[in-house]
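Hello,

Here is the structure for you to look through. Please open it first, then read the notes below.

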Amino acid sequence: MLTMSLMKDIKLGGSIRLMPKPSSPAKEHLLVARHVTKSFGTFVANDDVNFTLGAGELHALLGENGAGKSTFVKMIYGLLQPDSGGFEWQGRPVHISNPQQARAMGIGMVFQHFSLFDSLTVAENIELALPETMNREQLRTLIRTRSDDYGIPLDPDSMVADLSVGQQQRVEIVRCLLQDPSLLIMDEPTSVLTPQETDQLFDVLRRLASSGCAVLFISHKLDEIKKLTSRATILRGGRNVAEVETAEKTTHQMAELMVGETVDAVKSGTGPVNGEVLFSVTALSREAHGPFDVPLEAISFAARSGEILGIAGIAGNGQDELMSALSGEWRGQQKGVIWVGQTDVSQLGPQHRRHHKICFIPEERNGHAAVPQMRLSENALLTGFQDDGMVKAGMVKQQAILSRAELISVTFDVRRPLADPHAAALSGGNLQKFVVGREIIKQPRVLIVAQPTWGVDVGAATFIRQTMIELAAAGSAVVVISQDLEEIFAISNRIAVLSAGRLSEPQPAAQMTSQAVGLLMGGVHLSDDIDSLRAEGG
Amino acid sequence: MIFLQPRTSVPLYVTLLVPVISVLATLIAGGLIFAVLGYAPLPALYEFFIAPLSRPDQFGNLLVKACPLIIIGTGLVFCYRANIWNIGAEGQLIAGAVGAGGLALSFPDTTSVFLLPGMAVCAILSGALWAAIPALCKVWFRTNEILVSLMLTYVAALLIDWIVRGPWRDPMSFGFPLTPYYPDAGLISALHLPFIGRLGQLHWGVPVALLIAVAGYFFLSRMLGGFQVKLMGDAPRAGTFAGFSPNRVTIGVLLASGGLAGLAGMIEVSANIGQLQPNISFGYGFTAIIVAFLARLNPLAVIVAGLVVALAELGGDTAQISMAIPKVVTGIFKGILLFFLLAGETLTRFQPVWVDQTGKFSKKGQKTI
């Protein structure tokens, strides 16, 4: 009975909500979604979503992780079917039952994760995706002319493995364009790109739109959405909460719509500091052990008391390898590589490094920094077992770990369903606050943290960044490894860039522009070049 | 479509009731099987599950049967909690029995009270040594411990076979593959209970087994070592991040479970047989795997699970003698019981939810939020 009444409420709420007004009613609608609902088991991913898209429009689909963006576009592309509600394409109701049908209708999609064969050429990859076979020579000419038309020249004979990520994305785009789509869906396309590559992509998308192909652009990066699109549909918790003209809203306002709460800005960090060096790395190298490892090449940097050193870089450029080398989970043969103050800790494991008041927060919350199946108190024990009073004669002191977990939760505003729940019962943001708080409460002299706000809501992210700024202000050295450039610029005193396992010389944040960082991300390493980059960027 | 939805809270009485319901369901399903096989269901069930407990001394025999299962099961719980799959407890049991037997047979005339503790130490070391082979192979060469430990079981079985037929054979055994009897000092004596006296074949190994299970529970739930074991099973990367060595845990749990299996082998021989022979175990090392899982990898529950499985074994013997029901039926019972217990466990943790095509819940009273 409860179910039925709840369901009714939801339905009612949906039907009385005003339909978003299309921006230009005169323009014919390319795609209309009406009351689209999709659930997976008991989880409602899309709840009564209404949506309109005009021909040739650059439209953004905005929302946090898990807001239902991907589910929605997968239904447009025929990978999923709505439980109720439906779509109209060019004014006619349609049932899109599979991607082949979607492509035949003129809908193309570029996924976040590419579906290309590394060992085949560009032309071969594209040929594989074509509905009917085509003369190889004709195809190669077509690829050349079509990619030139859109300003993304592609060599049909180059191996996909030899292309950069940005170029691989172009192959995916060209593959869609060959089928003359009227709608191109891009799922988080910029998450793998440098700022320069992003700008180039935007040029291509604008050109596409002006030639009449609508673009549905999925992102959670507000700056990009303002830059590229005219309208944005904002999803939150599976529901369409707003449709805005991007020019009329500030990024701050859009963020609030996206997360559904007011967002405080981080109090920004201070300028460069000249405290004593608390942590230094000299010529850290690491060979690749597996096919997916990135070798580290002579990485050197120093972190001073009172500063936050930001290490930017796109995922997969050696961040995991660097983090495990810094924490001691991986140890090389060399001595004198990693120093805490004047002590060489190169040969010490994580638990012995912690004795020197250095703490670590790895990127992955689930199963690395914390154990979801264990209680918060046991997770407090994970890095606290060497602290006074936690373990005596091999026995875990229950009272001590419970009160430690309680202290962390209260101090860092960790919202829990119970006093000592399993870590899995916490939301991502709250678990991350716990994981960060667990280390900060130990008042480390040095804190090394990877992706501190990955996948957490804006409120928790702001809180965590503020906490790190305060730790540095109290005299500790903080090293933040992050892919989030916005975050790096918001909190760092100095910035270095990790690219293909090499680290650029750290530069004062005030002198770095996102363009300079972007070039470094793209693999420019020589420190001589930095000044010229800076000149260009500034 | 049916979805399994995690339950947010489970009342304690449900947790306690579920195994009881599972056992009842096993009885019903078992009765049906007897009926199909042409035996009268109720008398057959009586022979299987009631007759073994109809006399007090039978209860003693049940404990004796459960003794090695509880000791080995506790050791296996350590391994499985750490995600190390020791399938070779049977071989480690044999190795332990041989190690202890070696010491006992070296001092045929001794009356020393130190012989029995010495044999226990030898058994633990031999069992641990046998388990050290898969442990070190895994750590050094990244071999699969399932295969290595399982294959070593057959090596151990052939080893004891050769020993009792060859070097250690009793010259007075008329050619039978048997060693001489152990000296009395190497035998485990019967346990005399206050007011009751002897209870079947109840011996001092049984309280030792119970103590081991309780100590195992304490270790896993209260000690840093137990925390490391659980950590290695739940999240090995987190274990490494904390600073614990995965190799040390791998070796530790394998040595511990090997040692306990070895001890179980020594107790089995010293309490029930008194000499080495080709077959000293009735597959206890394998049956203990079921026991560990029935106990949901909790050492305290291993005691109960050991008794339940021992009852099925004992009942199989009784039913074979009195009603000529084939002994393999015992195996079927173990399977059915395992099925219902695991089903009950799943239904305790998850709630089946029927969802129709439109994604709406059709189950009455289902809370969606």
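**Domain interface**

Across the interface of domain 1 of chain A and domain 2 of chain A, the rule finds 0 residue pairs in polar contact, with both residues required to be at pLDDT 80 or more. A polar contact is a pair of N or O atoms within 3.5 Å; within protein, one must be able to donate a hydrogen and the other to accept it, and residues adjacent in sequence count only if both atoms are side-chain atoms. Salt bridges across this interface also number 0. A salt bridge is a side-chain nitrogen of Lys or Arg within 4 Å of a carboxyl oxygen of Asp or Glu.

This is a predicted model: local features need pLDDT of at least 70, side-chain atom pairs count only at pLDDT 80 or more, and totals for chains, interfaces and linings use all residues. Residues are numbered from 1 along each chain as its sequence is written, chains are lettered from A and ligands numbered from 1 in the order in which they are written, and side-chain values use heavy atoms, leaving out hydrogens and water.

Domain 1 of chain A covers 25-259, and domain 2 covers 277-367 + 444-537 (bounds from an automatic or database domain assignment). Their C-alpha centres lie 34 Å apart. The contact (heavy atoms within 4.5 Å) takes 9 residues from domain 1 and 13 residues from domain 2. The two bury about 730 Å² between them, 64% of it on carbon and sulfur atoms (accessible area, 1.4 Å probe, lost on being put together and summed over both parts). In domain 1, T194(A), P195(A) and Q196(A) lose the most area, together 50% of what that side buries.

**Sheets**

An open, antiparallel sheet of 4 strands runs β2-β1-β4-β5 in chain A. Strands are DSSP runs of E, at least two residues, and helices are runs of H or I, at least four, numbered from the N terminus. Two strands pair if DSSP finds at least two bridges between them. β2 (43-54) and β5 (92-94) of chain A each have a single partner strand, so one side of each lacks a neighbour in the sheet. β1(A) and β2(A) pair over 8 bridges, and S39(A) has V44(A) as its bridge partner.

The whole structure holds 29 salt bridges. In one of them, R34(A) meets E88(A) at 2.9 Å, N to O. That pair links β1(A) to β4(A), 54 residues apart.

In another open sheet of chain A, 6 strands follow the order β6-β7-β8-β3-β9-β10, with mixed pairing. Its edge strands are β6 (107-110) and β10 (239-245).
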